[in-house]
Amino acid sequence: MLCTGTGCSPDLLFLLCAMYAPICTIDFQHEPIKPCKAVCERAKSGCEPVMKLYNHSWPESLSCSELPLYDRGVCISPEAIVKAEGPDPYYQDPARCAPELSPDFPNNLHCKGPNEDRCTCKTVRLSLKTYLKNNYNYVIRARVKEVRTRGQELTATVEVKEVFKSSLVNIPRETNTLFYISSCPCPPLSPGVDYIILGYENKETSRLLLIEGSVAQKWKDRIGRKVKRWDQVLQERTSGRAAQRGVHH
């Protein structure tokens, strides 16, 4: 699968193992224990947008619809796995992920998890080439209110000040939640700071996502003007390709 190395969801590897190497017990010899439906839906929500960037869709073999609900059947989830010792690998404390406070900033954007392991964020340079290549679903100017973990999801709460682009999800000019697809806050955001944020949308869940390739850059008026010009170029190129296809048909 394309997403196993992207960190798109902390549930993905667990889901794959539970689906293809299921847990067997004496009481369930003929029907191995399946992963819970919620685990599958979390993995799909985080990873399907990444797969679509490469023209792939969520595989039928990992369909979530037939999996059991936690309260209506027997299933397995990461929360049910009890470790003898050590911190929860699904927990990431955003309070320790302030890159500006790191001595390595800005050369090595990172935060530290509970095991002192580093989350390294790949810096994406905001340029016309990047804008055309990544074809972002949404572009907003927003002030970050907080970055925190909700259950197993890392989120950023922002106050949207201006919407430059939206494709699949209606984005009101009010408080919105952005969802990271991994436990590492990439791109990094600092509360109280205005950013221009370029990311992707999940139409099914109406979520604004921060995934690999997303950009968050501190706001400057000139950046806003550049993005407006870049979007015009993108629209012109898209219209030109559509017209060429019409001629060929």
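## A first look at this predicted chain

Of the 249 residues in this protein chain, 42% count as buried (under 20% relative accessible area; over 50% is exposed and anything in between is partly exposed, using a 1.4 Å probe and protein chains only). What you're looking at is a predicted model, where local features need pLDDT of at least 70, side-chain atom pairs count only at pLDDT 80 or more, and totals for chains, interfaces and linings use all residues. Residues are numbered from 1 along each chain as its sequence is written, and side-chain values use heavy atoms, with hydrogens and water left out.

- The chain's average pLDDT (the predictor's confidence in each residue, from 0 to 100) is 77, and 71% of the residues score at least 70.
- Contact here means heavy atoms within 4.5 Å.

**Overall layout**

- The chain has four helices and ten strands. These are DSSP runs numbered from the N terminus: helices are H or I with at least four residues, strands are E with at least two.
- Starting at the N terminus, the order goes α-β-α-β-β-β-α-β-β-β-β-β-β-α.
- Take the contacts between residues at least 6 apart in sequence: 62% of them join residues at least 24 apart.

**The nonpolar cores**

- A nonpolar core is a set of buried Ala, Val, Leu, Ile, Met, Phe, Trp, Tyr and Cys residues joined through side-chain atoms within 4.5 Å.
- The largest one has 39 residues, and Trp 58, Tyr 131, Val 139, Ile 196 and Leu 198 touch the most other members.
- Elements giving two or more residues to this core are H1, H2, S2, helix H3 (128–134), strand S8 (194–202) and helix H4 (221–248). H2 gives the most, with six residues.
- There's also a second, separate core of 19 residues, which includes Ala 156, Val 169, Ile 171 and Leu 210.

**Helix H1**

- H1 (residues 12–20) has Leu 12, Phe 14, Leu 15, Leu 16 and Ala 18 as its buried residues.
- Their cover includes strand S1 (34–35), helix H2 (37–53) and strand S2 (75–76).

**Residues to look up**

- Val 139 is in strand S5 (residues 138–150) and counts as buried because its relative accessibility is 0%. Its C-alpha is 6.3 Å from that of Val 163, 24 residues apart in sequence.
- Leaving out residues up to four places away in sequence, Val 139 touches several others, including Tyr 131, Phe 164, Ile 196 and Val 227.
- Tyr 131, with residues up to four places away again set aside, touches Trp 230, Asp 231 and Leu 234, among others.
- Ser 45 belongs to helix H2 and, at 10% relative accessibility, counts as buried. Beyond its neighbours within four places in sequence, Ser 45 is in contact with Asn 202, Thr 205, Arg 207 and Leu 209.
- Thr 120 is part of strand S4 (residues 118–120) and, at 54% relative accessibility, counts as exposed. Thr 120 and Cys 184 are 64 residues apart in sequence, with 8.0 Å between their C-alphas.
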